[in-house]
Each structure stands twice: as structure tokens, then as C-alpha cells.
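Take a look at the protein shown here. This report walks through its helices, its core and the links between its side chains.

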Amino acid sequence: MTPSSDKELNGLDNPSFLGEEESHYCSLPDRTAPGPEEGRGTGHGSSKLAYTVTDMPPLYLCIFLGIQHFLTAMGGLVAIPLILSKELCLQHDLLTQSHLISTIFFVSGICTLLQVLFGVRLPIIQGGTFAFLTPTLAMLSLPKWKCPAWTQNATLVNASSPEFIEVWQTRMREVQGAIMVASCFQILVGFSGLIGFLMRFIGPLTIAPTISLVALPLFDSAGDDAGQHWGIAFMTISFIVLFSQYLKDVPVPLPSYQRGKKCHFSPVYLFQIFPVLLGLSLSWLLCYVLTVTDVLPTDPTTYGHLARTDTRGDVLSQAPWFRLPYPGQWGVPTVSLAGIFGILAGVISSMLESVGDYYACARLSGAPPPPKHAINRGIGVEGIGCLLAGAWGTGNGTTSYSENVGALGITKVGSRMVIVAGACAMLLSGIFGKVGAMLASIPTPVIGGMFLVMFGVITAVGISNLQYTDMNSSRNIFIFGFSVFVGLAVPNWASKNSTLLETGIIQLDQVIQVLLTTGMFVGGLLGFILDNTIPGTQEERGLLAWKNSHKGEADNFQLISKVYDLPFGIGTKHSAVSWFRYLPACPKRLPGGKRMDELKAAGEESSVKASSERHSEIGADTRI
């Protein structure tokens, strides 16, 4: 197993490890010989896939693998509401925490359907992003939004009282408003095609400190949770490390059925696919046993009490069986300038991360490298997803999940219909209230152990972007080291000396405070400025290797059309109006309605070349 180095940003939110070419995967039914369009022109070994991106596996397989994708993403989806709950003053309101978990499940399902059907159209899961978490925590740390002291005392909190509800909902509405406004920037960048322009100036030396500083400032939160009982936390860590690193190549024989083979046992690499889920489940079970036997202390003031399962277990009985999340469920969102600027830093990081995910997902699903119009559309739809997440009130945005991209390499099933099934599983889990309540009742030190592993890997994923650069260069060593250190030092100083930053203008003070206490903004901006101003060759900066890692020959133009064109004939058979070819999110068309790839597939390369020369707006840089 090797880190997913073929990704532009290697995935920020749910880092995982992609399988080698000979990696183990579940036994799948043999299908008929591939068609003339499948497995050609991608140059990525699509012939080894059981199902490529445009295939339709059997319904039972779609459901099974769809649920698997949902479970793979669950760790990251659950972590975000649990981290936010402290700053939203909800640490003693487990029922509301369960509602937040259900809401992020539901919205992630909607966003995944939009991305697969109308966005980049690759089999890629959408979910909450840690890139939004850091600026959100910085915004909620402003003096205006710090939690009242009485909300920290469980005996004083009445979760149903109007006063307490107003305390946390005002904070949530502020976060919602900032995310909704900032998402409009992502929508603009995506559908206008600006993402390509931004990528010219942003390289590995900008991305590495930005991603690393998403997770590094969270050590305090992870340490506090794990410190509630270090024994339980280390047990959780041990299980996750054991499954993900030591037992990843050990198959588990499970009964399966195939035509011709009837009932038999197939090797399934469960430890490789579900290390976090299995680790959490086992630790949770052991905590239950220790609670029933009263090994863990019953006195709330005693160290280790929060490792008991009955301290959070009553939420399961309180939660409704069915609850439908809806936009504005926490009230009308409010907007502040400070929140918008802070979230914008997360939006930019999330966009760049997703571009890398698209290339990796295309390679692993047997699709050609995504053309520009598909990337533009994918980023735009992610912006729409962030807008919906803000409207529903998840407290977060949405991005592509790299952990699920890694699952494609393990299962060898790249069909987007599997992801559609996974999105439906998310929607159902979001409506079924007991699911969120069950996950909200996980003991605190178990969560802390998961955080220590997850945040450590995210930090390393950011550093792994340096593989494209020349790290023997003192220039590059200085830029990265200085950016990371300042990204830690400045936010720490700013949070302790906020009065020294006051200008007398409240709105400006809040903007400065949020930006300077957001480590990923400070470190990323510093890396961006230094990398673009200090002299260095393209090779030294890693830009050549970075771009070459995503180069791919896409000589099957009919397959590109089949994978990336809009569904239901939009822009091709239906509504094929002339001005569609000017939209960055639509395939380029020549005058007369023919697509450039259609002409080339028919052997009319010379016609394409001549027509492209006559029509400068369809230059070589936009040819598919």
C-alpha cells in the first residue's frame, strides 16, 4: 500500500491509501467481455476493473458496495459535528449532536447525487470538509461567540430551554450565513472556468503547508478527548493501526453467491476497507463491557468516567425514529464579514483538493482524464453543495472524499451507479434519527483516539505534496518550514493578544482576528507569496512533476463524451443551442452543432483543425 501520490492534493478530508496494481479486492461476478469503448484510451489499466464508470453492475452489488462507500466515509462525516459541538456550546446536548450528524448525512447524500449526475460525473462521494472546520473554529473563538460559562456545566444545561436553544442556534446561524456567502465564490470560480487560472500560481509549496495546518491546530481538541481516558484512547488507536497497517493484507473468508459457482467463500479484505469503523466498534464494545461490569468509575468527577457508555447512552432513547432535515431548521442564517473571509480560505483549499481527487478518481474508475469543462462543472456543483450545506445547517461545507477514491482501487468497481446507491444510503441514514443518535453516543476517549490517528494522517498527507519538489533545495526547505512555523506561531499569539489587534472598527477587528487565528490561511498565504516571488525553476518548485503526474492520453473521444457529457442529452441532443459552446462548464461545440470529439471520432481531424483555426474562441487549449 502506498500513499495516493497520483492526486494533486492527495485528499484533505479523509486520507486513505490506494491499492497497488496487484492489490487485493473482493471477489466480484464475472461480466461479459468489455465493449469496444471500455478499457481503451485511458492508459490506466481499466481492463483490470470489474466495472468501469459507465457500467451498470447488478442491483444487489450496487447496494452492497454503495453501503460500503457510505461506511467508509462515515468516520469523517461523524467527526465534524462532534468537533463543532464544543464551540457551538452543545457538548452536553447529545440529542442536538445527533441531529447535526443526521443532517450532514442527508446533505452529503444530496450533494453526492448532484455531483455524480450533473457535476464531474465521476464515482466520487461528497461530504463535510476539515478545510472549513479550522476557520469555523476561529470564527467561533471570537469574544462575541464564546460559550457562556453555564453551558459548560452539565447540571446547569436544560437542552429544551429557549435560552439554551438560542445560545447555540445563534452561533449555528452565523456559521450558516458565512458558508452560504463564501460558497457563491466557489460557484463563480467553477462555472466561470477561473479554477484553471488559479492553478497556474498554486503549487505544492502552497498546498503542503495549507493542508498540514488544517490538522495541526486540532491537536488540542484531540488531546483533550483522548485524555479523558488514555487507556481507552490508546486501545482505539491500537485497533485502527492494527487493522489498517498490519492486517490489511489478511483476507476474511465470507460466504458469497455467483452463478456457476453457487454458494462459496470469497476472500474479502475487511481490515483494509473498514479499519476505522472496526476499530471504533471494538473499542465501543469493550467500553460497554467495562461499563456493565463497573470497572470504569461511576462518579462523574473521577478520571475516566466519560469512557462509560451510559454517560451518553440516553440519547438513543430520546431520538425520534424518523426526522427529516430541512433548510432553515435552525432559523434564518445571519452574515458577518469576518466569517465570510475566514471560510473563503477553506473554500480555496477545498477546491484545489477536489481537482486532485477528480484525476485520481478518473484513473481508478477506468475513465479518461477529466476535460476542463467537467472539472469546471464539478467545482461549480461543489459550490452548490456548500450552499445547500449552509442552508440545511450542517455547520460545514462539502468536498470530494479521497477515502472513497481509495475504495475504488480496492474493490475494482468504478461504476457511478454504486455511488448513487451510496448516496441513497446517506439520505436514508439522515432521515432515520436513531442512526445519528447511536453515533453521537460513542464514548469521548474513543473519539479522541480516532482523532489522533485521523489528524496525524491529514498532516502527513499535506507534507506528502513535497514529493513533487526538490527538497534538496534550500529555497524550498525555507519556504515550507517558515510557512508552517509562522502558521502555528501567529494564530497562537493572535488568540492570546486580541486586544492589540483592535482598530476601533468592530467589523474590521473581527476579520483580522479570524484570519490571523486561522493557521491554514496564514501558512498558505505565506507559502503562496514566497513560492511566487523567490526565484526558482519550474522543476525546482515541483510544478513540472505536479502537472506531468496528471497528464494522460485521452484518444477515445467517444468515451470522453459518454463519461463527462451532461445527462439526458442536455447540451447535445436537447437544448443544443449555439451559445452553449461558450459556457466553460459545457463541452465545446463547433458551429453547426457538431462536437469536436464527434468530428475526430469520424476521422475528420483535418476539419477540426481547419475549423479551430477559423474560430479562435475554440483554441487548442479547450479541445477535448
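How many residues does α6 have, and what distance does α6 reach from its first C-alpha to its last? The model is predicted, so keep that in mind as you read. Helix α6 has 12 residues and reaches 17 Å between those two atoms. That is close to the 16 Å expected at 1.5 Å a residue.

**A covered helix**

Helix α6 is mostly covered, with 12 of its 12 residues buried. Among them are Pro204, Leu205, Ile207, Pro209 and Val214.

Threonine 206 is one to follow. Threonine 206 sits in α6, which covers residues 204-215. Is threonine 206 buried or exposed? Its relative accessibility is 6%, and buried means under 20%, so threonine 206 counts as buried. Now leave aside its neighbours within four places in sequence. Threonine 206 is then in contact with Gly524, Gly527, Phe528 and Asp531.

**Salt bridges**

Aspartate 531 also takes part in a charged pair. Its side chain meets that of arginine 475 in a salt bridge, at 3.0 Å from N to O. Arginine 475 lies in helix α18 (residues 474-496), and aspartate 531 lies in helix α20 (residues 519-533). The pair therefore ties together parts that are 56 residues apart in sequence. Both arginine 475 and aspartate 531 are buried.

Why can such pairs form? Side chains of opposite charge can pair when their charged atoms come close.

How many salt bridges does the structure hold? There are six.

| Lysine 86 | Aspartate 225 | 2.6 Å |

Start with aspartate 225 and lysine 86, which form a salt bridge. Aspartate 225 belongs to helix α7 (residues 219-226) and lysine 86 to helix α1, so this pair ties together parts 139 residues apart in sequence. The two ends sit in different surroundings. Aspartate 225 has 8% relative accessibility and counts as buried. Lysine 86, at 29%, counts as partly exposed.

Arginine 173 counts as buried, at 12% relative accessibility. Glutamate 166 counts as partly exposed, at 40%.

Salt bridges can also join up. Asp294, Arg308 and Asp310 are linked in a network of them.

**A polar contact**

Serine 336 is found in the loop between α11 (315-318) and α12. At 14% relative accessibility, serine 336 counts as buried. Which side chain does serine 336 join through a polar contact of 2.5 Å? The partner is glutamate 174.

**One disulfide**

A disulfide is a covalent bond between the sulfur atoms of two cysteines. This structure holds one. Which cysteines does the disulfide join? The bond runs between cysteine 89 and cysteine 147, with 2.1 Å from S to S. Cysteine 89 lies in the loop between α1 (59-87) and α2 (94-118). Cysteine 147 lies in the loop between α3 (130-140) and α4 (162-192). The pair therefore ties together parts that are 58 residues apart in sequence. The torsion about the S-S bond is about -100 degrees, so the disulfide is left-handed.

Cysteine 89 is buried, with a relative accessible area of 1%. Cysteine 361 counts as buried, at 0% relative accessibility. Cysteine 424 counts as partly exposed, at 35%.

**The nonpolar cores**

In soluble globular proteins, nonpolar side chains tend to be buried together. The largest nonpolar core here has 112 residues. Which of them touch the most other members? They are Phe105, Leu122, Phe130, Ile195 and Phe455. Helix α12 (residues 337-364) gives the largest share of this core, 11 residues.

Setting aside neighbours within four places in sequence, phenylalanine 455 is in contact with Ile83, Phe130, Ala215, Leu218 and Ala222.

A second, separate core has eight residues. Its members include Ala50, Tyr51, Val418 and Ala421.

Definitions and conventions: Residues numbered from 1 in each chain as written. Predicted model: local features only at pLDDT ≥ 70, side-chain atom pairs only at ≥ 80, totals over all residues. Heavy atoms only, no water. Disulfide = S-S within 2.5 Å. Helix = DSSP H or I, 4+ residues; strand = E, 2+ residues; numbered from the N terminus. Buried < 20%, exposed > 50% of the residue type's maximum accessible area, 1.4 Å probe, protein only. Core = buried A, V, L, I, M, F, W, Y, C linked by side-chain atoms within 4.5 Å. Contact = heavy atoms within 4.5 Å. Polar contact = N/O pair within 3.5 Å; in protein donor to acceptor, adjacent residues only side chain to side chain. Expected span 1.5 Å × (residues − 1). Salt bridge = Lys/Arg side-chain N within 4 Å of Asp/Glu carboxyl O.
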